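Biologist: Could you take me through this structure? I have not worked with it before.
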Amino acid sequence: MARKLSRRSLALYVADGLTPARRRTTIGQLAAYLVENRRTKELDLIVRDVAYFLSQKGTTSATVTSAFDLNAETKAAITAFIKDKTNSSQVSLDSLIDPSVIGGVKISLPGYELDQTISHKLTVLKTRFKKA
Amino acid sequence: MSFLSQFAAETAEANSDIFTALGIDWRLLILQIVAFLILVFLLGKFVYPWLMKSVDERQANIEAASKAAANAQKAAEKNNEQVAELLAQARKEASEIVSTAKLESSEIVANSEKKAIASAEQIVAAAHDQISKDVESVKKQLHDETLELVALATGKVVGETLSKSTNNDLIARAIKESK
């Protein structure tokens, strides 16, 4: 029976294996391992850890949430901002459209989040001025 | 007896004229006197002592009864005095009890009034406190609800007025501020 690997070890292995040449194989191995060991519930956590280790290595994956589509200029500004913040050489953006944020943008990075949405600002306003 | 009759006859002869004139038979008179004396003697010897003794006893009884009655009267008078004294004392005690009871009742009423006033003041103070708390709570609730409404309205207005280009400008500004 195979030895149970820690989530950190798995994430490290996958982060190392996500080169263009090995990407497919590594992802297939991870999926097989999780299914065989009945640990598929940990997938989200492992992906989060992989993103963290990738960002440590200079490849940052960011989720950008906004109410509308972002134009190329804004995306470039966001990429530059992320590079500046994380010292990453490579940044990949996942855009998410969510009208409930009303306006602005929320940038989610591994271990960091910048929420500049109007809905967040309104929530802060409500929380700050609500009487105890 | 014959001597007596003879003496009576001789005496009667000497005075026959007076006694005869008066219609008195002196011999019979003497006999009656003698009989009377005998009667007196017999009565004095046998009847009077018994009678006197009985009378004396009766008198003694009466005197004793009188004395007892006097004593009883004295005792009754004494009892009356004692009763009067007791009544006076009882009236005094009763009046003291009544005055004490009045005093106590007035004290109880005063205490009850004080307690009632204190209780009423407490109730009023508690009601004031509760009203103040309620007012504060309502104010807070109103403030929070107003805040919610303002946020909601702001969100709606901004959401309707915000365009894609404005949003991009907003994002650019936010990123610039966050640097």
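Biologist: How much of chain B is buried?
Modeller: Of the 179 residues in chain B, buried residues make up 3%; buried means that 20 or more other C-beta atoms, placed from the backbone, lie within 10 Å of the residue's own, and exposed means 12 or fewer. This is a predicted model, in which local features need pLDDT of at least 70, side-chain atom pairs count only at pLDDT 80 or more, and totals for chains, interfaces and linings use all residues. Residues are numbered from 1 along each chain as its sequence is written, with chains lettered from A in the order in which they are written.

Biologist: What is the secondary structure of chain B?
Modeller: Chain B has four helices and zero strands, these being DSSP runs of H or I with at least four residues, or of E with at least two, numbered from the N terminus.

Biologist: Which residues of α4(B) are buried?
Modeller: They are Asn167(B), Asn168(B), Leu170(B), Ile171(B), Ala174(B) and Ile175(B). These lie on the same side of α4(B), because they cover an arc of only 160° around the axis, taken from the directions from the helix axis to the C-beta atoms. On the other side, Ser165(B), Asp169(B), Arg173(B), Lys176(B) and Glu177(B) are exposed.

Biologist: What covers the buried residues of α4(B)?
Modeller: The cover includes β1 (59-66), α4 (72-86) and β3 (105-109) of chain A.

Biologist: And how many residues of chain B are in contact with chain A?
Modeller: 21 residues of chain B are in contact with 25 residues of chain A, contact meaning C-beta atoms within 7 Å. α3(B) gives the most to that side of chain B, with ten residues.

How values were computed:
Contact = placed C-beta atoms within 7 Å.
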